[in-house]
Amino acid sequence: MRPILMKGHERPLTFLKYNRDGDLLFSCAKDHDPTVWFADNGERLGTYRGHNGAVWCCDVSRDSTRLITGSADQTAKLWNVQTGQQLFTFKFESPARAVDFSVGDKHAVITTDPFMGLTSAIHVKRIARDVDEQTAESVLTIQGPQGRINRAVWGPLNKTIISAGEDAIVRIWDTETGNLLKESDKETGHKKTVTSLMKSADGSHFLTGSLDKSAKLWDARTLTLIKTYVTERPVNAVAMSPLLDHVVLGGGQDASAVTTTDHRAGKFEAKFYDKILQGEIGGVKGHFGPINALAFNPDGRSFSSGGEDGYVRLHHFDPDYFNIKI
């Protein structure tokens, strides 16, 4: 498995997202330019210029025509995927972080960080089919918990929004009323900041990664804890194979905490676990620093990782990978 090294960002990676067809890969980083690549050979197609802050998250519409990005410059932007043109800018009073299109792309959820006395918030925006009709008003605004919301995604049938972040609690919100429906149990749930949240291909369950050195698998409707995967380092990113029962965790200490004498300093690998049995299957090394972003191609035949080192590494699996026997 020889990775393809993709160097297009000057700063650490923050997020990776494939389009639905799996032929494009979008990357976000602490530099200001989200980038799109060909997912088979890692060739850079172009960048989206317009943000002037770190870009934390992105999502691409089902038909791969629109991209939405959330940035520390207090905006979320809609882009034309093909031309790189800015279609619309949602302005906020605080940094925008997580973004996610609803099923059908008619709405988007955008979270904003606590800032200057404001608490975190979840905003639902209507996404107009015709860009001339696009407005900035929110269909729903939910006052969030204390601390940052690192991820917010749509639940089954767009009836709920699932959020998680600094206070370690996973929450499910009603998209009609904005009411809190469920929150994860403090006993069984994460103990530290939830860094990442990833839905399964069918949306029935989701995986969260946390600085408490674990990842957890949850039922998207009932918020029942299904599985826990334990590792020896903080988890910054998680991904699930759409093809096999595999989950991948990436992380490592914060770059500032890595010392030159640390005997674990080389442990910046993506670790594969058996989704059902919860055991570790193997790892993929390569990054010179913590892994901040992971994504599986929708066909399950390749995955990519983005690191603190500014590189995206694209891994196409060998045939042997599909015959791993536990």
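A disulfide here is a pair of cysteine sulfur atoms within 2.5 Å. I start there because the cysteines come first today, and a disulfide is a covalent bond between the sulfur atoms of two cysteines. One caveat before that: what you see above is a predicted model.

So, how many disulfides does a search of the whole structure find? The search finds 0. Take C28. Its sulfur has that of C58 as the closest cysteine sulfur, and the distance is 3.5 Å, which is too far for a bond. Are C28 and C57 buried or exposed? C28 is buried, at a relative accessible area of 0%. C57 has 1% relative accessibility and counts as buried too.

Next, the strands. There is an open sheet of 4 strands, in the order β22-β23-β24-β25, and the pairing is antiparallel. Which strands sit at the edges? They are β22, residues 235-240, and β25, residues 280-284, each of which pairs on one side only. On average, neighbouring strands in this sheet are turned by 25 degrees against each other, if direction is ignored. Looking at one pair in detail, β24 covers residues 270-274 and is joined to β25 by 4 bridges, the two running antiparallel. Within that pair, Y273 has E280 of β25 as its bridge partner.

Of its 6 residues, 6 are buried, so β26 is largely enclosed by the rest of the structure. The partner to look at is β27, residues 302-307, which pairs with β26 in the antiparallel sense over 5 bridges. F296 stands opposite F303 of β27. The two strands form a hairpin, with 5 residues between them. In the turn, G300 has a positive phi of about 75 degrees.

Last item, the second largest pocket. Its volume is about 230 Å³. What kinds of residue make up the lining? It divides into 6 charged, 3 polar and 3 nonpolar residues. The lining includes R62, D63, R66, D105, K106 and R129. Also among the lining residues are S61, T65 and G104, as well as F101, I127 and A128.

To recap: 0 disulfides in the whole structure, an open antiparallel sheet of 4 strands, a hairpin of β26 and β27, and a second largest pocket of about 230 Å³. That is what I have.

Note on methods. Residues numbered from 1 in each chain as written. Predicted model: local features only at pLDDT ≥ 70, side-chain atom pairs only at ≥ 80, totals over all residues. Heavy atoms only, no water. 1 Å grid on protein atoms, 1.4 Å probe; cavity = no way out; pocket = protein on both sides within 12 Å on 5 of 7 lines; lining within 4 Å. Points joined across faces, edges and corners; volume = space filled by probe spheres on them. Nonpolar A, V, L, I, M, F, W, Y, C, P; charged D, E, K, R; others polar. Pairing = 2+ DSSP bridges. Axes fitted to C-alpha atoms, helices over the stretch in contact; angles between N-to-C directions. Buried < 20%, exposed > 50% of the residue type's maximum accessible area, 1.4 Å probe, protein only.
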